[in-house]
Amino acid sequence: RWKELIEHIGQNHLKELGKIDLQSGTTASRRGLAQDILNACGSKGEVPSEPEDLVFLTRKIEARPKAAIIAMLHFDWVEKYNDSGHMRDLFGALRDLITEKKKLIVLFQSRAYFNELLPAHNPLSSITNLKTVELF
C-alpha cells in the first residue's frame, strides 16, 4: 500500500516529488546514490568522482530556488551502508541540506522505524523533526 500512497502524493499533491530506490543497483556506490538524488531533484549534470561528488551535489541542490522534495524508497536498505565511512559523509551532507540549509525535504519509506535503522554515529540519526506514518 505504500507504493500507492507515494504515487498518490506524487501525482496529486507534490508533482515535483522525485524518487530514489535504495534497492536499485545504481545506489550501490556513493557516486551512484548522489547521482540518483541529483536526478530525483530535477537537476542536471553528471556527478564527479569522490571526493568532489558531495561538493557538486551540495552546490546543485543549494542553487535551487526552492527546496527539492524526494522520496527515498526502501530506506531499510540503508543498513548496508552503516559501516561505510564514505557513505557517512554523504549522509552528513544530506543532513545539512535537510536540517540546516532547508533545501531538501525527504520522505523516507521503510519497513522499519527510522531510528532503528541508523547507528548513533550516522549523521542522519540526529534528525529530530521526523513525522512517522504507519500503514496497516
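## Ground rules

Buried here means under 20% relative accessible area, exposed means over 50%, and partly exposed is anything in between (1.4 Å probe, protein chains only). This is a predicted model, where local features need pLDDT of at least 70 and side-chain atom pairs count only at pLDDT 80 or more, while totals for chains, interfaces and linings use all residues. Residues are numbered from 1 along each chain as its sequence is written, and side-chain values use heavy atoms, with hydrogens and water left out.

## The overall picture

The chain has five helices and three strands, in the order α-β-α-α-β-α-β-α from the N terminus. These elements are DSSP runs numbered from the N terminus: helices are H or I with at least four residues, strands are E with at least two.

Of the 136 residues in the chain, 45% are buried. Take the contacts (heavy atoms within 4.5 Å) with a separation of 6 or more: 66% of them involve residues 24 or more positions apart.

## S2 and its partners

Strand S2 pairs with both S1 and S3, pairing being a matter of at least two DSSP bridges between two strands. With S1 (residues 18-21) the sense is parallel, over four bridges, and Gly18 stands opposite Ile70 in S2. S3 also runs parallel to S2, joined by five bridges; there Met72 faces Phe108.

S2 is mostly covered, with six of its six residues buried. Ala68, Ile70 and Met72 point one way, while Ile69, Ala71 and Leu73 point the other.

In soluble globular proteins, nonpolar side chains tend to be buried together. The largest one has 25 residues, and Ile20, Leu33, Ile37, Ile70, Met72 and Leu104 touch the most other members.

Ile37 touches Ile20, Leu57, Ile61, Ile70, Met72 and Leu94, leaving aside residues up to four places away in sequence. There's also a second, separate core of seven residues, including Trp2, Leu17, Ile69 and Ala71.

Arg64, in the loop between H3 and S2, is buried yet has no salt bridge (a side-chain nitrogen of Lys or Arg within 4 Å of a carboxyl oxygen of Asp or Glu). The nearest side chain of opposite charge, Glu16, is 7.2 Å away; Lys and Arg count as positive, Asp and Glu as negative, and His and the chain ends are not counted. Not counting residues up to four places away in sequence, Arg64 touches Cys41, Ser43 and Lys103.

A cis peptide bond, with omega about 0 degrees, joins Glu50 and Pro51, and Pro51 lies in the loop between H2 and H3. His74, in the loop between S2 and H4, has a positive phi near 55 degrees despite not being glycine. Lys102, in the loop between H4 and S3, likewise has a positive phi near 55 degrees. His74 counts as buried because its relative accessibility is 10%, whereas Lys102 is exposed at 54% relative accessible area.

Note on methods. Core = buried A, V, L, I, M, F, W, Y, C linked by side-chain atoms within 4.5 Å.
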